[in-house]
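Thanks for making the time. I will walk through a few local features, so please have the sequence and the structure open.

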Amino acid sequence: MNISKIAKLCKATKRICTFKAESGTWVGDACSMYFLPDVTDIDTLTLGELMGVSADGEKIMAYRSTDLNEHYDLEDVVEADAETPCTPMDIGLWISGQKIKPYITNAGVQFLNADRLAPLKEELENGGVYLRYEKKSGQPYFALKCGLLLCGIVIPSGVLTDQTMEQMEILYKLSKVQHKILKEQREKEEAEQLRMEGKG
C-alpha cells in the first residue's frame, strides 16, 4: 500500500475521510477508500499529519465516516452474483484532466480514474478489479482486491457528458478513416515487397 499516493488523492480533492472497521481503518477521499489493516486506533487529523496531507498549509477537510459499511460491502468474500470481474480495455483516455481506464463489466462499460489504482499498484498485480453494487442505491462501484482480500473501493468516474460523447464520436469516425488509409497503405507495401521478391 502506497500511503503517499493516497495522500496525493486527498490533496487533490482537499478532503480526507476515515472509517474505523473492526479489523482496521479505511482511509481516502470518499470517492476512493483504502484499507489499512495495521491502523486500528487513529483519528482523522492525526492520520492527515501522518500522510502529510496538510504539510504544505493547504486547508483539508477531514471527517470520519460512520456509515461506510452501510453503503458498501466491506467483506472480502461475497455471494457469487454480488461481485463480477471487470475486464480492462487496452486503451486509456484523458478526459477533463483525468487519466481514465475503461472496463467492460456486466453493467456495460464503466470508467475508472487510473490515479485511484496507484496506491495499490503492486498489490493488484496478484489481485483484480471487480464490480459490486451499493447496498442502498444499487449504483455500481469498483472493488479492488489483493489476492482474495478486499483492499480498496472506488466510485466510477462520471466523465460521460454530451460534449465528451460528441468528441469520442468524432474521434471514432476519424480514426476509422485513418485506419482504412493505413491498412490500404500496408497492403500496397506488402504487395510491392512480394513483387520485388518475384512472388507476386
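**Rings, a strand and a helix**

Lysine 145 sits over the face of tyrosine 130, 5.5 Å from the ring centre. Keep in mind that this is a predicted model.

Now the aromatic pairs. How many does the structure hold? There are three aromatic pairs. One of them joins tyrosine 72 and tyrosine 141, with 4.8 Å centre to centre and 80° between the planes, and that pair is edge-to-face. Tyrosine 72 is in the loop between helix H3 (68–71) and strand S5 (84–85), while tyrosine 141 is in strand S11 (residues 140–146), so the pair ties together parts 69 residues apart in sequence. Both tyrosine 72 and tyrosine 141 are buried.

Next, tyrosine 103 and phenylalanine 142. Their ring centres are 5.7 Å apart and their planes are at 55°. Why does this pair count as tilted? Stacked needs planes under 30 degrees apart and edge-to-face needs over 60, so at 55° the pair is tilted. Tyrosine 103 belongs to strand S8 (residues 98–105) and phenylalanine 142 to strand S11, so this pair links parts 39 residues apart in sequence. Tyrosine 103 and phenylalanine 142 are buried as well.

On to asparagine 113, in strand S9 (residues 108–113). Is asparagine 113 buried or exposed? Its relative accessible area is 9%, so asparagine 113 is buried. Leaving out residues up to four places away in sequence, asparagine 113 touches Gln98, Lys99, Ile100 and Ser157.

Last, helix H4, residues 162–196. H4 has 35 residues and reaches 51 Å from its first C-alpha to its last, close to the expected 51 Å. Just after H4, glycine 198 has a positive phi of about 75°.

Definitions and conventions
Residues numbered from 1 in each chain as written. Predicted model: local features only at pLDDT ≥ 70, side-chain atom pairs only at ≥ 80, totals over all residues. Heavy atoms only, no water. Helix = DSSP H or I, 4+ residues; strand = E, 2+ residues; numbered from the N terminus. Expected span 1.5 Å × (residues − 1). Buried < 20%, exposed > 50% of the residue type's maximum accessible area, 1.4 Å probe, protein only. Contact = heavy atoms within 4.5 Å. Phe/Tyr/Trp six-rings, centres within 6.5 Å; stacked < 30°, edge-to-face > 60°. Lys NZ or Arg CZ within 6 Å of the ring centre and 35° of its normal.
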